[in-house]
Amino acid sequence: MQAEVWVAIAAVTIAAVGVVVGLVAAARARIKEIEDVYLQHYWEILDKLPSAALVGQKECCTSDEHRRIARLYLRLCEDELQLRASGWVSRRTWPGWRNGMLAQIGKWPVADEWQRITCGDLRYTTRGQYGHLRKLDSDPQYEPFKARWITKVWRRL
């Protein structure tokens, strides 16, 4: 009788480990899928930028179309920051995204639109928007993700 109990305990333990491993793998796959979708959106927006912006040059004036593309990019950044805050961007991916955002908000035409939002004529119409992006702009090491104890345990699995 004693051996049967130990065999049952071992079987339940193995099954539980299998379930946990499956859940961890599924969560990681889901995070990777979300990251891939946002990366695709990023490239779609970059494809719309004028060639001068892609090589770090600035055109003499920013058209409405350039502003629209810059605003799409800024909204994408805010969405990505919100995803990171929710735990849907991995710690491996996050530094690259953060550095890319910081670099892009310093380049034309995104920089021009960001200036209009933070200091210029759009400051009052966008007051409640871009909260995470504003924090990132003021603190380049800003980390929107605040790990809870269960998340810390989960991440170690």
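The legends below accompany several close-up views of one predicted model. In this predicted model, local features need pLDDT of at least 70 and side-chain atom pairs count only at pLDDT 80 or more, whereas totals for chains, interfaces and linings use all residues. Residues are numbered from 1 along each chain as its sequence is written, and side-chain values use heavy atoms, with hydrogens and water left out.

**View 1. Confidence along the chain.** The pLDDT, the predictor's confidence in each residue from 0 to 100, averages 86 over the chain, and 91% of the residues score at least 70. Among the helices, which are DSSP runs (H or I, at least four residues) numbered from the N terminus, helix 4 has the highest confidence, at 95, while helix 7 (residues 149-156) has the lowest in the chain, at a mean of 56. Where pLDDT is low, the predicted coordinates should not be read in detail.

**View 2. The second largest pocket.** The volume of this pocket is about 250 Å³, and of its 18 lining residues, Tyr42, Leu46, Tyr73, Gly100 and Gln104 are the closest to its centre. Two or more lining residues come from each of helix 1 (2-48), helix 2 (51-54), helix 3 (64-86) and helix 4 (94-104), with helix 4 giving the most, 6 residues. A pocket here is an open set of points on a 1 Å grid over the protein atoms alone, where a 1.4 Å probe fits, with protein on both sides within 12 Å along at least five of seven lines, and lining residues have an atom within 4 Å of a point. Its volume is the space filled by probe spheres set on the points, which are joined across faces, edges and corners.

**View 3. The buried side of helix 4.** Trp94, Trp97, Arg98, Met101 and Gln104 are buried in helix 4 (under 20% relative accessible area, with a 1.4 Å probe and protein chains only). Because these residues cover an arc of only 135° around the axis, they lie on the same side of helix 4; the arc is that of the directions from the helix axis to the C-beta atoms. Helix 1, helix 3, helix 5 and helix 6 are included in what covers them, where contact means heavy atoms within 4.5 Å.

**View 4. The buried side of helix 5.** In helix 5, the buried residues are Val110, Ala111, Glu113, Trp114 and Ile117. They lie on the same side of helix 5, because they cover an arc of only 160° around the axis, and they pack against helix 3, helix 4 and helix 6.

View 5. The peptide bond from Trp108 to Pro109 is cis, with omega near 0°, and Pro109 lies in the loop between helix 4 and helix 5 (110-118). Tyr130, in the loop between helix 5 and helix 6 (131-138), has a positive phi near 60° and is buried, with a relative accessible area of 4%. Most residues other than glycine have a negative phi, and most peptide bonds are trans.

**View 6. Leu54 in helix 2.** Leu54 belongs to helix 2 and is exposed, with a relative accessible area of 52%, exposed being over 50%. Leaving out residues up to four places away in sequence, Leu54 touches Leu46 and Leu49.
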